[in-house]
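Hi,

Here is the model I promised to pass on.

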Amino acid sequence: SSLPGGADEWDKAIMEANAEYRTRMHNICCDNCHSHVAYALNIMELRAYGIRNWDMVKLCFLIFFKGRFLSFGGFMAQFLPFGVMALIIMLVKLV
């Protein structure tokens, strides 16, 4: 399938997003990798899943609910580290 605007336009949008985010401090809550990707998608004017204006929250939920894992191992690699960390924090708080 062809990309709207063509691959060159998408590459240009990614380079523009990279140039913008090269000047920003990424952090976990407000301006992170999801924001970086959403910035590029907005430049590309991508319309998907009823979304026109991308942001980190929309992208996060789309990935979480529509994403596909290649295997059970892939699922575990994605969520096990967070689960272990959350369990350790809960156990430390109980003590």
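First, the ground rules. This is a predicted model, so local features need pLDDT of at least 70 and side-chain atom pairs count only at pLDDT 80 or more, while totals for chains, interfaces and linings use all residues. Residues are numbered from 1 along each chain as its sequence is written, and side-chain values use heavy atoms, with hydrogens and water left out.

Let me start with α1. Helices here are DSSP runs (H or I, at least four residues), numbered from the N terminus. The 16 residues of α1 should span 22 Å at 1.5 Å a residue, and the end C-alpha atoms are 23 Å apart, which agrees; the expected span is 1.5 Å times one less than the number of residues. Trp10, Ala13, Ala17 and Tyr21 are the buried residues of α1. By buried I mean under 20% relative accessible area, by exposed over 50%, and by partly exposed anything in between (1.4 Å probe, protein chains only). Down the axis of α1, the buried residues fall within an arc of 65 degrees, so they line one face of the helix; the arc is taken from the directions from the helix axis to the C-beta atoms. The buried residues of α1 pack against α2, where contact means heavy atoms within 4.5 Å. Asp8, Lys12 and Met15 are exposed on the face of α1 turned away from its buried side. Ala7 also lies in α1, and is partly exposed with a relative accessible area of 44%. Its C-alpha atom is 45 Å from that of Ile89, which is 82 residues away along the chain.

Now the core. The largest nonpolar core has 12 residues: Trp10, Ala13, Ala17, Ala38, Ala40, Leu41, Met44, Leu46, Ile51, Trp54, Leu59 and Leu62. A nonpolar core is a set of buried Ala, Val, Leu, Ile, Met, Phe, Trp, Tyr and Cys residues joined through side-chain atoms within 4.5 Å. Two or more residues of this core come from each of α1, α2 and α3 (56-66), and α2 gives the largest share, four residues. Leaving aside neighbours within four places in sequence, Leu46 is in contact with Trp10, Leu41, Ile51, Arg52 and Trp54. Leu62 sits in α3 and counts as buried at 18% relative accessibility. With residues up to four places away in sequence not counted, Leu62 touches Tyr49, Trp54 and Gly67. The side chain of Asp31 makes polar contacts with the side chains of Tyr21, at 2.8 Å, and Arg24, at 3.4 Å. A polar contact is a pair of N or O atoms within 3.5 Å; within protein, one must be able to donate a hydrogen and the other to accept it, and residues adjacent in sequence count only if both atoms are side-chain atoms. Beyond four places in sequence, Asp31 is in contact with Tyr21, Arg24, Met25 and His26. Ser35 touches Tyr21, Cys30 and Met56, not counting residues up to four places away in sequence.

Last, the aromatics. The structure holds five aromatic pairs. Rings of Phe, Tyr and Trp (its six-membered ring) pair if their centres lie within 6.5 Å; planes under 30 degrees apart count as stacked, over 60 as edge-to-face and the rest as tilted. The ring centres of Phe64 and Phe65 are 5.1 Å apart with planes at 85 degrees, so that pair is edge-to-face. Both Phe64 and Phe65 are exposed. For Phe75 and Phe79 the centres are 5.0 Å apart and the planes at 45 degrees, so the pair is tilted. Phe75 and Phe79 are four residues apart in helix α4 (residues 72-94), about one helical turn. Phe75 is partly exposed at 35%, and Phe79 is partly exposed at 29%. Phe61, Phe64, Phe65, Phe75 and Phe79 form one aromatic cluster.

Cheers
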